[in-house]
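Hi,

Here is the structure I promised to hand over. Have a look, and my notes follow below.

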Amino acid sequence: MQTYRVYKHERYSRRRRKRKTTLTVFLLVLVIALVGVAAFVIFKPGSSVNNLKVSGITDSAVNLKWDKTENADSYCVFWKTSDTDYKKAKNIKQNSYNLTKLSQTTEYEICACAVFDTSEGGKSESKSIYTVASKPKVTQAETKEEGSVKIKWNKNSKAKYYTVQYKSSSDSAFSDKNSQKIKQSSDPTATIKKLTPGGSYDVRVRAVTYHNEKKVNGMWCTLGVTAFKKQRAIDPNKPMVALTFDDGPSNGTANERILNVLEKYGAKATFFMIGNRALEHPDNVKRKAQLGMELGNHSWDHTRYGEQVTASDIKRCSDAIFSITGQYPTAFRPPGGMVTDAIKSECQSENMPLYLWDVDTEDWSTRDASTTYSKAVDEVSDGDIILMHEIYDSTADAIEKIVPQLIKKGFQIVTCSELIEAKTGEKPQPGELYYNG
Ligand code: ZN
């Protein structure tokens with residue numbers, strides 16, 4: 001009896017335990033199911049970003065594109081280097097992104113994810129990219145060798161070596177046959193020889209780095225340059241005159257016609273150009289450099305005069321001319337002829353003397369070729385600087401007669417720098433103002 005009872009009690013207790021276990025399992029399954037549903041609602045599993053593609057890798061940017069994710073409200077992009085934590089760009093509406101502000105020659109891990117309401121879905125497979133070397137900063141260096149160009153650039157410490165290529169400005173594309181490899185050094189320099197003296201060329205330089213034993217070409221920096229040509233001989237004992245042309249280049253044919261005349265007679269003049277116009281007519285500016293004309297600065301846009309002229313008005317014009325020809329202007333003329341101490345000091349720091357004039361043809365106001373001609377030819381004397389403008393057809397008409405006539409009268413037609421050097425025996429001084437020789 002006793003035994004039976006015990007047995008019965010044990011059986012009863014076992015059944016109860018079994019029921020308890022079933023309940024626990026049931027609750028557990030319920031919790032898991034609820035969590036699963038919640039997770040599905042919140043994270044929408046399976047909605048990860050697919051097919052992340054990278055393209056257009058530069059020294060600082062990369063284009064990203066991925067397949068659209070259904071129902072995504074927006075996307076975000078993550079990226080990191082081996083030494084940094086993930087950075088994140090949010091609220092990207094399209095399925096593409098231009099990731100910028102990266103560092104050169106650096107490996108990045110990049111991935112994208114979709115965003116639903118405010119929660120993030122699955123991440124894409126991460127992509128690894130390597131940014132290329134930045135453009136070297138290239139300048140033309142001085143050379144004394146006829147028909148050569150020397151350039152130098154800032155060392156890129158990541159470079160294994162550099163590639164330098166050149167072409168004539170009139171050729172459309174660079175070719176590998178005019179290519180040289182320059183060793184890494186603290187002061188990288190390349191000399192290109194056997195060019196046409198005074199010829200106009202384009203040179204480009206890039207740094208080459210290695211990543212995972214693979215060669216990676218950096219960004220090209222391209223520069224217009226002029227092959228060195230010895231200065232022509234000017235006789236300081238013979239009369240000379242400096243023709244100067246302001247306000248160009250411009251549309252129309254006047255400026256090219258003026259260059260045609262100067263070229264025909266082997267005459268050199270000084271062109272005080274406006275920076276933004278130079279950028280609009282780079283071929284004209286290149287031609288001036290090629291013909292050995294003196295490149296002058298006449299401010300960025302000729303909208304400010306006297307006290308209003310800023311250092312940047314002057315600097316921007318110099319940079320524009322340099323970007324086209326590889327030469328900084330060697331002369332400055334202020335807009336309206338208004339000189340201030342601030343202008344002088346900026347010219348001094350940019351290595352430019354200032355030139356006004358002592359013969360004004362008033363070609364801009366008369367627009368009459370015969371008046372321009374008689375002012376330039378009848379009023380001129382040895383050492384004068386003559387003011388004209390390269391943008392008027394009447395001036396081009398006049399110059400066709402002025403140049404041969406001045407030569408006939410025995411004048412050498414020279415640039416402002418040549419005039420001052422020949423007349424004073426020394427190079428014109430940066431920041432100094434000249435009216436004549
Ligand atoms: Zn002007």
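Is K423 buried, exposed or partly exposed? K423 is partly exposed, with a relative accessible area of 27% (buried means under 20%, exposed over 50%, partly exposed in between, with a 1.4 Å probe and protein chains only).

Before the rest, some housekeeping. This is a predicted model, where local features need pLDDT of at least 70 and side-chain atom pairs count only at pLDDT 80 or more, while totals for chains, interfaces and linings use all residues. Residues are numbered from 1 along each chain as its sequence is written, and side-chain values use heavy atoms, with hydrogens and water left out.

Back to K423: its side chain meets that of D382 in a salt bridge, 2.7 Å from N to O (a side-chain nitrogen of Lys or Arg within 4 Å of a carboxyl oxygen of Asp or Glu). D382 is partly exposed too, at 40%. Another salt bridge joins R304 and D313, with the closest N and O atoms 2.7 Å apart; here R304 is partly exposed at 30%, whereas D313 is buried at 5%. The count comes to 15 salt bridges, and E256, E263 and R287 are linked in a network of them.

Now the metal. The zinc ion has D247 (OD), H298 (NE2) and H302 (NE2) as its protein donors, 2.1 to 2.2 Å away (donors are N, O and S atoms within 2.8 Å of the metal, or 3.2 Å for Na, K and Ca; water is not among the atoms, so sites may look incomplete). Both H298 and H302 are buried.

Cheers
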